Amino acid sequence: MAVAFRVLGPLEVRAVGTDAPIAVAGGHARQLLGVLLLHEGRLVGIDTLTEVLWDEDPPPSCRKLIQARISRLRGLLGPSVELAGSRDGYRLTIRAGSLDLREHRELVAETAGAAAADTEVLLDRALSLWHGPALAELGGTARGTRIVADLTEEYLATVEAHADAALASGRSPALAARLAPVVDEHPLRERLRAQLMRALHRAGRQAEALAVYDRGRRLLAEELGVDPGQELRAAHAEILAGEEPVPRAAPVTPVPRQLPPVLGDFTGQRAELAEIEAVLRADRADDEPAAVVTISGLGGIGKTALAVHAGHRLKARYADGQLFAVLGGARAQPVDPAIVLGRFLRALGVPATAVPDDPEERAELYRSLLAERQVLVVLDDVLDEAQLAPLVPASGTCGVLVTGRVRLGGLGGARRVVLGEMSEADSVSLLRNSTDGRLASAADAELAALVGLCARLPLALRIVGSLLASRPHWRLADLVSRLADEQHRLDALRYRDLEVRASFGLSYTGLRPETRRLFRLLGLLEAPDFPLWAAAAVLDTGLGAAQDLVDELVDVHLLDVTGAPHGQARYGFHDLTRAYARERAEAEEPAPTRHAAVVRALGALLALTDIADRDHMGQNMFQRDAQRWRPDVVAASLPPDVPPMVVLDNERAALVAGVRQAADLGRDELCCELAVGGQALFETERYFDDWQNCYDTAMGLAKAAGNQRGHARLLISKAGLLYLRRRYGPTEEANTEAMHLFERIGDQRGYLEALSNAPFFLVPNGRLTKAITAGSEAYERLTANGQPAAALHAYSQVGLAHLQADRPAVAVEVLTEIVASAREHGIRILVARDTYWLGQAELALGHDAEAEKAFTELTEHVSDIGASGVFYAAHAWGCLHLARGEHTDARDRLRAALEIARDLHDPLFETRALADLLDPVLYDRHELPAAIGQGEHAVAVARGIDYPYLLAGVLDKLARLHAAAGDHGAADRVTRETAAVRARIR
């Protein structure tokens with residue numbers, strides 16, 4: 001579904017075609033969407049989003065609340081947008097649809113160098129896109145108000161530019177009517193007022209024009225205590241003298257004109273084009289250095305096309321000419337800059353016989369000739385700073401636009417533009433434009449598939465377009481099929497002298513041997529991106545040596561920096577570059593070497609799961625059989641003061657891919673241990689689909705390999721997943737099967753791990769006495785076996801069982817002991833989770849001060865519980881407010897907890913929140929029917945998870961609601977059902 005977004009006025013979202021509105025409910029959701037749309041295609045930091053929503057007083061759970069609302073926006077907008085998130089922020093990319101702000105800016109950009117009449121038409125179209133004050137939704141905070149002010153300024157600048165063009169073209173009869181309301185709304189903006197005066201004067205309404213001046217003069221004096229400025233006074237003088245402004249003379253035709261023709265199918269790169277033009281259009285004094293912009297990027301990414309396109313758009317700014325040269329930086333023999341200087345001197349009018357032989361003299365003459373001229377110098381495929389230096393003019397009147405595969409970091413003051421992949425919409429446009437109408441009737445799905453296989457690389461897209469245009473007998477589906485074969489994809493991406501492989505090869509062959517080896521070995525990894533230690537692992541080297549080689553690959557754009565969470569860079573391949581790297585690995589590395597490199601990288605990832613699990617849970621439970629790669633190197637790479645589990649979260653996609661790749665290699669121990677190693681992360685952040693994926697892959701291999709220990713470990717993982725999906729019966733079956741299998745193979749450590757899990761499913765199944773017995777036994781045996789963390793986890797369910805058995809004093813005693821021991825052993829997740837239950841037990845005793853103390857500690861550690869933490873905090877404080885009779889605060893907190901539970905799709909949390917939110921003391925009599933309806937929903941949810949204690953709780957509240965409403969028959973019926981459910985708890 002394509003979607004049209006409108007931000008030039010109140011936020012609107014509509015389906016393209018039907019024009020049906022798509023409702024974005026909730027103020028925060030609308031504010032978030034508005035800010036992301038304003039920065040479309042760019043990362044918006046968490047700090048910015050927080051300031052827009054809450055100013056300088058955000059709630060403690062602000063990050064999780066933003067995450068929940070982003071999740072809703074993804075569900076609402078579907079595949080029309082890509083909403084990518086990271087620890088640093090979010091980036092919205094419109095995949096299918098339009099944005100009025102982007103269209104407005106494109107129209108304004110097209111006016112550069114255009115005639116006044118054309119400019120007027122373009123700006124008129126741009127102004128027609130505005131339909132009211134832009135994004136008034138953002139005006140509630142200081143940051144949002146600044147954003148709205150910036151948008152208003154952009155609107156007013158467009159109005160003024162349009163007025164100038166209309167006055168210059170002489171077509172301004174209706175201009176006064178258009179400007180008058182804008183001047184009324186912004187009465188102190190002098191340029192607008194001067195334009196209105198001139199428009200009235202042109203229309204023969206001199207008296208009205210002079211009256212507009214008088215009103216402005218009085219307002220300026222009253223509001224600001226100043227006299228009118230120069231522009232307003234000049235307009236006043238013109239009208240008194242009966243003069244009319246004279247349009248400016250047309251710019252001088254630029255010569256020489258060496259730029260190649262603009263590609264007819266040039267598409268996209270709007271942001272980069274705007275950045276280049278902003279730098280090169282700016283006025284500079286003669287004694288300032290020339291403005292320099294460098295464009296770098298992967299071979300085939302469109303650097304030359306962008307530079308040439310920008311150069312043509314800058315003709316009016318550089319009236320004395322455009323020089324162009326290809327310097328062959330990616331070739332074996334780059335061009336000598338002295339040769340280029342000779343060409344440029346002749347183009348600037350120096351006779352061939354007068355061109356100096358000495359390179360330095362050529363450079364001196366070149367700088368002298370350009371000292372007072374406005375010339376743009378476009379230098380394509382530059383090798384390095386030394387090759388470039390003689391060709392840079394010394395005068396600020398000139399501009400220099402440079403392309404190259406290498407980042408030119410040694411150019412002081414240069415603006416560096418790095419090209420990335422095109423958007424899907426731009427890629428489709430380029431493909432359509434390059435096929436001479438061949439794809440006019442192609443289905444969107446086929447085009448999307450073709451664009452994806454070309455990895456949005458302009459060179460690849462042009463090759464595909466050329467193939468389709470030149471071979472009318474080829475079906476689109478046939479070409480898609482050819483490109484789908486990853487092993488031969490680069491063979492298919494070739495047309496005459498256009499070839500993706502050759503383009504990459506120019507960069508690859510220029511590297512040092514060890515850098516080439518790292519490139520091809522990294523290409524073997526299935527992970528979408530990776531940290532520095534992965535590069536060290538595939539080469540079996542240290543972090544310092546790996547960093548030097550990685551930096552070299554980044555410099556030539558064979559690797560990209562995909563992000564830097566916690567200040568540490570992550571690296572990734574462009575899809576086609578990865579295919580080229582694998583191709584080189586297959587050709588240049590024997591199979592055992594390739595296999596060993598991948599195993600080392602996965603072993604390093606396994607070492608990270610150990611570190612994260614030990615830090616988070618207190619210890620590693622299972623016996624470890626698969627080989628880890630250099631845990632010391634992996635540990636040394638971790639950022640300080642960042643929990644390892646947070647670092648592991650960055651490797652989630654790599655972990656899922658690693659389980660699959662280990663399975664493909666037949667490494668069953670490695671595969672099973674990676675799957676089990678991810679369990680703490682999957683549980684904490686509730687990545688249930690990834691968890692299931694890893695389990696299915698690893699269990700299939702464990703069974704095929706006859707790996708019984710791996711099989712048993714994975715059964716415990718399955719039990720954990722079922723537990724969090726609130727399927728308590730199957731949870732018990734999986735865990736019991738694991739216990740029997742561990743016992744059969746004599747794995748005492750694994751057996752005790754399964755034993756420690758038993759109380760977790762006995763409590764929700766209502767078998768509280770057995771849970772207390774099993775938890776106490778597990779605690780004693782695990783403590784004696786030197787596994788205090790697992791012992792405390794099992795014992796925590798003993799405290800919960802006592803609380804649900806209506807023995808809160810005993811629960812407080814047990815939970816106090818657990819929290820103290822967890823603090824001593826540094827088990828943060830247990831401190832956080834059991835301070836929640838300790839607080840609940842204190843509330844059951846009527847000790848609200850002690851409960852507040854526990855909940856305060858919970859709030860300090862809430863991030864250690866992961867995605868569920870915000871629920872625990874909101875629910876805990878809601879219960880405390882309820883116990884204190886603070887009903888308004890209680891309802892607010894409990895409703896927040898309910899919303900979070902639903903965002904997490906967790907029926908257990910939803911039932912907990914509803915059980916307290918249904919307390920009759922929270923409702924006036926007229927609210928009781930709605931509360932009863934909510935109570936019936938709560939009963940249905942509780943029955944779905946079959947947790948007797950919680951079901952009895954919501955039934956009891958529903959009975960009390962019926963009684964408060966005067967329906968005693970319904971109350972008695974529900975009370976009888978409550979008693980029957982409680983009878984199941986034993």
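Q: What makes the nonpolar surface patch of about 230 Å² in this predicted model?
A: In this predicted model, the patch is made by Leu188, Leu224 and Val226. Residues of a patch must have over 30% relative accessible area, and leucine 224 has 51%.

Q: Why is leucine 224 called exposed?
A: The relative accessible area of leucine 224 is 51%. Exposed means over 50%, so leucine 224 is counted as exposed. Leucine 224 lies in the loop between α9 (206-223) and α10 (230-241).

Q: Why does arginine 891 count as buried?
A: Arginine 891 has a relative accessibility of 15%. The limit for buried is under 20%; therefore arginine 891 falls in that class. Arginine 891 belongs to helix α42 (residues 887-903).

Q: Which residues are in contact with arginine 891, leaving aside its neighbours within four places in sequence?
A: With those neighbours left aside, the contacts of arginine 891 are Leu917, Leu922, Tyr923 and Glu927. Contact here requires heavy atoms within 4.5 Å.

Q: Why are strands β1 and β2 said to pair?
A: Pairing calls for at least two bridges. Four bridges join β1 (residues 3-6) to β2, and the strands run antiparallel, so they pair. Arginine 6 is opposite glutamate 12 in β2. The hairpin of β1 and β2 has five residues between the strands, and glycine 9 there takes a positive phi near 145 degrees.

Note on methods. Residues are numbered from 1 along each chain as its sequence is written. This is a predicted model: local features need pLDDT of at least 70, side-chain atom pairs count only at pLDDT 80 or more; totals for chains, interfaces and linings use all residues. Side-chain values use heavy atoms; hydrogens and water are left out. Helices (H or I, at least four residues) and strands (E, at least two) are DSSP runs, numbered from the N terminus. Buried means under 20% relative accessible area, exposed over 50%, partly exposed in between (1.4 Å probe, protein chains only). Patches are made of residues with over 30% relative accessible area and no salt bridge: like charges are joined within 9 Å, nonpolar side chains (Val, Leu, Ile, Met, Phe, Trp, Tyr) within 5 Å. Accessible areas come from the Shrake-Rupley method with a 1.4 Å probe; for residues, only the protein chains shown count as cover. A salt bridge is a side-chain nitrogen of Lys or Arg within 4 Å of a carboxyl oxygen of Asp or Glu.
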